[in-house]
Amino acid sequence: MRRMMAAFTLLMLLAMPAAHAVQPDEIMPDPAKEARARELSRELRCMVCQNQSIDDSDAPLARDLRLLVRERIGAGDSNSQVLDFLVARYGEFVLLKPRFERQTLLLWLLGPSLLIGGGLALWLQIRRRARSGADVPAPPLTFDEQARLAALMSDEPKSP
């Protein structure tokens, strides 16, 4: 029973979401503005960690970006204005999910295009193989072939 409880506790600890890196001194007094800041922080990439949002990162630059987001929200900017400001300052790379624009069209369409192209190639290959008759059974053996096969399969030694 003790092992089972230890395993359950370990499983629960592993299943817990990552602790957010937001420090208590960063939190805004207005809960609505803080919720907006947290939502925006989850959409922005840490420029140091690169695969984490600034909400999850402990890097000093991530902290600076979180403070900048809260500063812009405190100044009355909308979510899109905050994102536009950060994109103008750091480029599209700061967004974890890039916008669907002309510059990012290839990024958005390459994955689905490759998937569709691979499916089409597979379908054509299966169709070509079915047409070529690769799955057609071989014709039955002739009498001479059957006799030769029986001689090869027999346990009797060959005579010269």
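## Confidence

Within the chain, helix H1 (residues 2-15) has the lowest confidence, with a mean of 65, while helix H6 (residues 143-153) has the highest, at 91. The model is predicted, and its chain has an average pLDDT of 82, with 82% of the residues scoring at least 70. Where pLDDT is low, the predicted coordinates should not be read in detail.

## Helices H2 and H3

Two packed helices are described by the angle between their axes and the distance between the axes. For helix H2 (residues 31-43) and H3, the axes come within 10 Å and cross at roughly 135 degrees. The crossing of H2 and H3 is right-handed.

On the H2 side, the contact is made by Lys33, Glu34, Arg36, Ala37, Arg38, Leu40 and Ser41. H3 contributes Arg66, Val69, Arg70, Ile73 and Gly74. By class, the contact of H2 with H3 holds six charged, four nonpolar and two polar residues.

## Ser41

Ser41 lies in helix H2. Its relative accessibility is 0%, so Ser41 counts as buried. Apart from neighbours within four places in sequence, Ser41 is in contact with Ser53, Ile54, Asp55, Arg66 and Arg70.

## Helices H3 and H4

The axes of helix H3 (residues 60-74) and helix H4 (residues 79-90) come within 10 Å, with a crossing angle of roughly 135 degrees. H3 is therefore oblique to H4. The crossing in which H3 passes H4 is right-handed.

H3 takes part through Leu65, Leu68, Val69, Arg72 and Ile73, and H4 through Val82, Phe85, Leu86, Arg89 and Tyr90. By class, the contact of H3 with H4 comprises eight nonpolar and two charged residues, with no polar ones.

## Asp77

Asp77 is placed in the loop between H3 and H4. Its relative accessible area is 13%, so Asp77 is buried, the cut-off being under 20%. Leaving out neighbours within four places in sequence, Asp77 is in contact with Arg36, Arg72 and Val82.

Key:
Residues are numbered from 1 along each chain as its sequence is written. This is a predicted model: local features need pLDDT of at least 70, side-chain atom pairs count only at pLDDT 80 or more; totals for chains, interfaces and linings use all residues. Side-chain values use heavy atoms; hydrogens and water are left out. Axes are lines fitted to C-alpha atoms, for helices over the stretch in contact, and angles run from 0 to 180 degrees between N-to-C directions. Helices (H or I, at least four residues) and strands (E, at least two) are DSSP runs, numbered from the N terminus. Angles under 35 degrees count as roughly parallel, over 145 as roughly antiparallel, 65 to 115 as roughly perpendicular and the rest as oblique. A crossing is left-handed if the near helix is turned anticlockwise from the far one by less than a right angle, and right-handed if clockwise. Contact means heavy atoms within 4.5 Å. Ala, Val, Leu, Ile, Met, Phe, Trp, Tyr, Cys and Pro count as nonpolar, Asp, Glu, Lys and Arg as charged, and the others, Gly among them, as polar. pLDDT is the predictor's confidence in each residue, from 0 to 100. Buried means under 20% relative accessible area, exposed over 50%, partly exposed in between (1.4 Å probe, protein chains only).
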